[in-house]
Amino acid sequence: MSGTIFTRNRSVSIFITVLTLLAIAVTALSEGYGTGALSVSFTKVLGMTLCLCLAALAMDLVWGYCGILSLGHFAFFGLGGYMIGMWLMTARTEQVVRANLSEAVIPPTEGEITAATASQIFSVVGATDWPWMWAASDSLILSLVLVVAVPGLLALVFGWLAFRSRVTGVYLSILTQAMTLALSLYLFQNDTGLRGNNGLSGLQNIPGLETVGQDRISIWFFWGSALALGLAYIGAAWMVSGKFGNIIRGIRDDEQRVRFLGYRVEIYKLFVFTFTGCLCGIAGALYYPQAGIINPDEIAPIASIYLAVWVAIGGRGRLYGAVIGAAAVSLLSTYFTGGRAPNLDLGLFTIDWVDWWPVLLGLGFVLVTLFAPKGLGGLVDLIIRKDRA
Amino acid sequence: MIRVFLAALLALCLATAPAPRATAQDAAMGPLQALVQSRADLVADASRRSVGEVLEILIASELPGVPGFLARWQARELYQRQSDGLFVYVQDADATPLTLIDIDTGAVIGTATSREVAQLRPNRGVQTVIGSALVAFQLAAEDPADRLAALAAIDSAPEDIHLALVQDLIAVETDADVLALAEVLLPRLVIAFDRDDADRIAAIESLAGNVSLSARATLNPLLATTTGVATALPEGENIARVLNPGTDIDRDAAYAMLVAQGLAPPLVSRAEQRDILAANVIEGRVAGLPVAQLGTDDARDTAYAALVAQGLAAPAPTAAQIDESLAAHVFFETYREASQAVTDAASATLGGIDTRVAWFRALDLSLDGLSLASIYFLAAIGLAITFGVMGVINMAHGEFIMIGAYTGYVVQTLVPDYTLSIAIAIPLAFAVTFAGGVAMERLVIRWLYHRPLETLLATFGMSIALQQIVRQIFGTQARPLTPPDWLAGSVAINDVVSISSIRIAIFLLGVVFFVALWLTLNRTRLGLEVRAVTQNPKMAASMGINPDRINMLTFGLGSGIAGIAGVAIGLFAQVVPDLGANYIVQSFMTVVVGGVGNIFGTLIGAGMIGGLQKFIEWLNPTNTLAAQTYMILFVILFIQVRPRGIIALRGRAAGD
């Protein structure tokens with residue numbers, strides 16, 4: 001246990017190298033800076049996939065290492081998206097309103113601009129006033145703070161309540177799922193201030209960057225997502241390699257024993273839960289400006305289960321496993337449900353991938369759980385063992 | 001060819017030949033026709049105001065044809081011949097040519113094309129007046145059904161003249177149903193139309209404690225108020241209350257009333273101020289101030305004040321002036337009803353009724369809560385076995401509910417009789433989902449008993465696969481699962497409390513399930529073995545119980561019950577592929593709140609969650625989503641207090 005994180009954990013240097021090569025390759029092939037072989041929309045898909053990998057990394061920390069099967073981490077992801085989305089939407093709408101009002105005979109007052117912005121944003125839910133939760137939406141700095149603070153605070157309060165009363169295992173999963181459902185139902189209401197089921201839209205227009213085309217913005221976001229993922233990977237590898245990592249793995253394997261050894265198990269769990277909640281918030285804040293729209297459907301409980309499934313397919317308890325699982329499943333899902341996959345003609349029966357992919361995916365989860373509990377990461381073990389043999 | 005031509009020619013001649021002329025002066029004109037002709041212009045061009053005169057004459061004549069005439073007139077089935085102004089009926093309004101019928105004798109008097117007669121189209125107001133006149137005839141009809149219909153017509157559109165008619169009817173009526181309806185109707189008519197306040201107050205007091213909608217609809221208009229403003233309280237009006245600006249009435253609204261009455265100068269809103277400024281821009285300046293500087297409220301106020309000083313704009317009232325105007329006037333509500341004794345009696349009676357209604361509402365709410373609880377119980381009871389007793393997290397539980405509902409749908413497409421099809425569907429749904437549950441247990445779950453969290457993932461995989469397969473087979477649109485007629489209605493205790501039969505059936509089904517399951521688990525050999533395997537599989541195995549077989553049967557039982565629940569839920573919810581997904585989180589919460597491993601717990605959990613959700617909905621009736629949100633938050637907090645649920649297993653049985 002000495003040396004830097006790069007020598008202690010071989011996967012870190014490999015991962016960072018691969019990520020850097022990917023970033024260079026995407027840049028070289030992009031429309032904004034390179035040959036143009038990759039379309040803007042595909043660049044965005046890649047950038048979004050990196051954000052999902054980041055969320056999966058967080059999920060792996062909390063589940064694979066600490067043994068808490070949270071079905072609420074995609075809610076934190078969505079909250080991060082909502083926090084940045086409020087700023088993007090406010091700033092963008094305000095620009096449009098200013099442009100419209102500049103034609104007026106009398107120059108508009110600040111009050112008129114704020115009121116007109118609010119009525120433009122909220123007319124879709126029949127309101128004209130700013131709800132309280134938009135108070136920070138006119139400041140980028142504050143919104144960036146909220147991206148981390150709001151999911152973090154929710155995770156902290158929820159985790160404190162749950163861990164304090166020793167809700168563990170299956171019960172905790174159900175409770176986190178209930179939290180996710182409550183949050184999405186809350187957001188679905190038109191009168192709670194986040195535009196109900198309309199969600200926030202037009203998030204791909206970054207205020208201040210109107211002159212920069214989407215071709216370059218998409219690359220910038222790709223770089224941002226890759227940077228966040230790389231840093232989080234190094235941080236996570238550092239966390240799980242030291243004493244802290246041993247303790248949380250101990251909690252995963254036998255919580256009672258770690259408690260009897262004198263460790264404050266609740267504090268460790270609460271820290272991991274909150275920290276990963278913040279990570280998911282950051283991932284969401286990077287994801288939704290690329291997706292362009294966020295609505296409460298994104299937060300539905302099923303999304304959080306998918307997150308767990310990605311980690312399970314990639315291989316729990318190994319950081320690269322989570323990333324591989326998330327990237328593989330989400331990219332394949334995009335491919336098969338995007339309608340671009342050729343239908344498979346079996347003579348009697350034609351398999352339409354858009355329809356049959358979910359069936360295949362579902363049965364895939366079952367098979368992976370039954371026969372490959374280590375997930376795709378288990379393949380890496382096989383390769384390494386073959387090398388050594 | 002020639003014959004065809006001749007036939008056509010003949011037809012043409014017949015069509016264009018003048019209809020046999022029977023002028024209004026014919027001696028054969030019947031007494032009704034003569035009477036109607038005497039007011040021909042009032043009949044042909046009736047207005048709400050003028051029609052009363054015609055009706056009086058007609059009713060006074062006591063001619064036998066009058067009721068029929070009025071009914072036809074009201075139904076727009078009366079025609080007037082253009083040539084001589086004769087009023088006629090026609091045999092078939094769509095036939096060409098029209099066959100004309102005499103209004104007195106009913107005899108055919110000729111034909112006419114639709115151009116030669118004018119259909120009389122009394123407007124809605126006239127129709128109503130004719131209708132209420134017709135009522136008098138109907139009330140005298142032989143058939144009680146006709147008299148009931150007449151009373152119903154009065155009920156929907158009461159008129160002044162009906163009061164005496166209903167009073168007369170009650171004096172002579174013998175049929176019990178008619179009498180009952182008339183006696184319900186009488187207070188309403190007395191209150192609305194009687195001229196003696198004492199009678200009206202007596203009628204109001206006779207309604208005390210009557211929670212029916214019609215009683216409340218009778219009393220509420222008496223207490224209708226209008227808001228008014230004046231410098232002093234007006235004399236001789238029935239004042240409901242005096243409104244104090246700022247507490248009883250919004251200050252802005254109060255001032256707006258003053259402005260509307262011309263009692264105070266209008267406010268100048270920011271938008272109006274801006275428009276006035278914009279209208280006074282001269283060479284890029286407003287009252288000497290450059291336009292570019294007008295981007296703040298202060299600058300605009302200055303510019304506006306300058307415009308006022310130049311006489312170009314009306315001065316806006318200051319805050320002090322507004323206060324002064326508000327203080328100088330009195331705002332009040334007056335009853336539309338002039339008599340204070342009547343309004344006092346009405347508000348006292350209505351107050352008593354409202355209290356009773358509140359009690360009945362509470363009862364209705366409890367029934368609603370009970371019904372929702374029984375739905376949650378049905379959805380969760382299967383889970384109480386698979387999750388509660390066996391500890392398997394079955395995310396595909398909702399899909400078993402959905403499959404049960406689709407089984408019911410398929411049976412209904414094959415068996416058209418709804419009662420029979422439900423009777424077939426229930427055991428069949430149990431069989432299908434029992435088999436599905438056993439297959440799933442054998443293929444997937446038994447490999448994962450020592451890894452409970454992974455069961456969650458594997459069964460979630462099953463859940464999305466099953467949902468998608470059903471979507472492939474049945475499509476995404478909702479399929480109907482129609483309840484038999486005897487389940488379609490609802491049981492109404494009064495106008496406040498009613499409950500649909502299907503919910504009663506679901507409640508009964510829940511009770512049956514609970515009893516059957518409790519007996520199975522506690523009184524049968526299978527139940528004993530299930531409990532043994534749950535508590536200690538190894539010990540049970542050494543006692544000669546086959547844990548594999550018991551696990552398989554238990555899981556099958558839980559799934560089968562979900563299938564039956566699916567049939568019941570499908571009867572009132574839409575049968576769609578994600579039917580079950582909507583219930584899964586609530587079902588898990590029900591089981592967890594109630595306490596795992598115990599069907600009593602599930603019962604109490606369902607009761608608590610269902611009751612609570614209805615209660616929150618009652619606090620905020622417009623928003624069921626909010627009710628669900630707060631209910632879930634409550635459950636999360638509740639778990640903090642009792643992490644093992646309401647009924648927690650203690651000791652070794654609790655395991656961990």
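The model is predicted, and local features need pLDDT of at least 70, side-chain atom pairs count only at pLDDT 80 or more, and totals for chains, interfaces and linings use all residues. Residues are numbered from 1 along each chain as its sequence is written, while chains are lettered from A and ligands numbered from 1 in the order in which they are written.

Chain A has 15 helices and four strands; helices (H or I, at least four residues) and strands (E, at least two) are DSSP runs, numbered from the N terminus. The radius of gyration of chain A is 22 Å, close to the 21 Å given by the globule rule for 389 residues, so chain A is as compact as a globular protein of that length. The radius of gyration is taken over C-alpha atoms, and the globule rule is 2.2 Å times the number of residues to the power 0.38. The C-alpha trace of chain A spans about 80 × 55 × 50 Å along its principal axes. Of the 389 residues in chain A, 44% are buried. A residue is buried if 20 or more other C-beta atoms lie within 10 Å of its own, exposed if 12 or fewer, and partly exposed in between, with C-beta atoms placed from the backbone. Among contacts in chain A between residues at least 6 apart in sequence, 76% join residues at least 24 apart; two residues are in contact if their C-beta atoms, placed from the backbone, lie within 7 Å.

Helix 4 of chain A has 29 residues and reaches 42 Å from its first C-alpha to its last, close to the 42 Å expected at 1.5 Å a residue. The expected span of a helix is 1.5 Å times one less than its number of residues. Helix 4 of chain A is mostly covered, with 21 of its 29 residues buried. Helix 6 of chain A (residues 140-164) has 25 residues and should span 36 Å; its end C-alpha atoms are 35 Å apart, which agrees. A kink of about 35° in helix 6 of chain A is centred on Leu146(A), where the bend at a residue is the angle between axes fitted to the seven residues ending there and the seven starting there.

The buried residues of helix 6 of chain A include Ser143(A), Leu146(A), Val147(A) and Val150(A). An α-helix has 3.6 residues a turn, so residues three or four places apart point the same way. The buried residues of helix 6 of chain A pack against helix 4 (73-101), helix 7 (169-188) and helix 11 (265-291) of chain A. Helix 6 of chain A is followed by Arg166(A), whose phi is positive, near 55°.

Ala136(A) lies in the loop between helix 5 (110-122) and helix 6 of chain A. Ala136(A) has 19 C-beta neighbours inside 10 Å and therefore counts as partly exposed. Not counting residues up to four places away in sequence, Ala136(A) touches Leu142(A), Ser143(A) and Leu146(A). The C-alpha atoms of Ala136(A) and Asn205(A), which are 69 residues apart along the chain, are separated by 19 Å.

Chain B contains 27 helices and 12 strands. Its radius of gyration is 38 Å, whereas a compact globule of 656 residues would have one near 26 Å. The C-alpha trace of chain B spans about 110 × 95 × 70 Å along its principal axes. Of the 656 residues of chain B, 39% count as buried. The domain assignment of chain B gives domain 1 (2-128), domain 2 (141-223), domain 3 (270-315) and domain 4 (360-485 + 496-582); domain bounds come from an automatic or database domain assignment. The C-alpha centres of domain 2 and domain 3 of chain B lie 64 Å apart.

Most residues other than glycine have a negative phi. Arg76(B), although not a glycine, has a positive phi of about 60°. Arg76(B) lies in the loop between helix 5 (66-74) and strand 1 (78-81) of chain B, and is partly exposed, with 13 other C-beta atoms within 10 Å. Glu283(B) also is not a glycine and has a positive phi of about 50°. Glu283(B) is in the loop between helix 13 (270-279) and strand 8 (285-286) of chain B, and counts as exposed, with 6 C-beta neighbours inside 10 Å.

The contact between the chains takes 43 residues from chain B and 42 residues from chain A. On the side of chain B that touches chain A, the largest share, 14 residues, comes from helix 19 of chain B.
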